[in-house]
Amino acid sequence: MPNTFLKANWENLVMANYEVDPAVLKPYLPKGVELDYYKSKTYVSLVGFMFKKTSLFGIPIPFFGSFEEINLRFYVQRLDGKKVKKGVVFINETVPFKIVALLANKLYKEHYISIPTKHKLNITDKKEIKYEWKINQKWNSISVYSDSNKYSITHNSIEEFIFEFLLKLIYNNLKLRS
């Protein structure tokens, strides 16, 4: 039996990044970390993606295995000896299923809420991806329309800063599996 508790694919990720005043983020800082800055600025990211092929201890989860997640996060770092470790702090994570939110909050002490969500994916030679969530009877959304080309991330760019944690997480996960 696999010893990985939760496993899932993150597909069709959409991300919008915004500069914010550091004072807005400080109340959300966990103990032991500090804000991470890119060129003296702090950022939040609004992220939408499909959580797919979800399994617990290697067992697929029927009815709850695929769903939208929308989250709001910001970037932090901490000094471990002489090494700087980077990470993210989630202000909110939104999913459509109450059981998913309940388990994530209980087991991982996360900040999940369960509200109506939906998505639209139209992927051909172009990509049209849209995630929506309903709060106070109003639908909110994040969407992107783009070509299907892949582009490299430029060194020392805002894209590298935003994706650095995610790329390290993916890389370390691949190393653990091999």
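What share of the contacts in the chain with a separation of 6 or more comes from residues 24 or more positions apart? I looked this up before anything else. The share is 51%. Contact here means heavy atoms within 4.5 Å.

**Ground rules.** I am reading a predicted model, where local features need pLDDT of at least 70, side-chain atom pairs count only at pLDDT 80 or more, and totals for chains, interfaces and linings use all residues. Residues are numbered from 1 along each chain as its sequence is written, and side-chain values use heavy atoms, with hydrogens and water left out.

**Overall layout.** I found three helices and 10 strands in the chain. Both are DSSP runs numbered from the N terminus: helices are H or I with at least four residues, strands are E with at least two. Along the sequence I read β-α-β-β-β-β-β-α-β-β-β-β-α.

**Surface.** The chain has 178 residues, and 29% of them count as buried. Buried means under 20% relative accessible area, exposed means over 50%, and partly exposed lies in between (1.4 Å probe, protein chains only).

**Salt bridges.** Side chains of opposite charge can pair when their charged atoms come close. I looked up how many salt bridges there are, and the structure holds four. The term needs a side-chain nitrogen of Lys or Arg within 4 Å of a carboxyl oxygen of Asp or Glu.

One of them joins D36 to K86, with the closest N and O atoms 2.9 Å apart. This pair links distant parts of the chain, 50 residues apart. D36 sits in the loop between β2 (34-35) and β3 (42-56), while K86 is in strand β6 (residues 83-95). Is D36 buried or exposed? D36 counts as buried because its relative accessibility is 5%. K86, at 30%, is partly exposed.

Another joins K85 to D80, again with 2.9 Å between the closest N and O atoms. K85 is partly exposed at 34%. D80 is also partly exposed, at 34%.

I also checked E128 and K120, whose closest N and O atoms are 3.4 Å apart in their salt bridge. E128 is partly exposed at 27%, and K120 is partly exposed at 43%.

Strands β9 (residues 126-135) and β10 (residues 138-147) run antiparallel and are joined by 10 bridges. DSSP must find at least two bridges for two strands to pair. I traced K134 to its bridge partner in β10, W139. Two residues lie between the strands, and N136 takes a positive phi near 50° in this hairpin.
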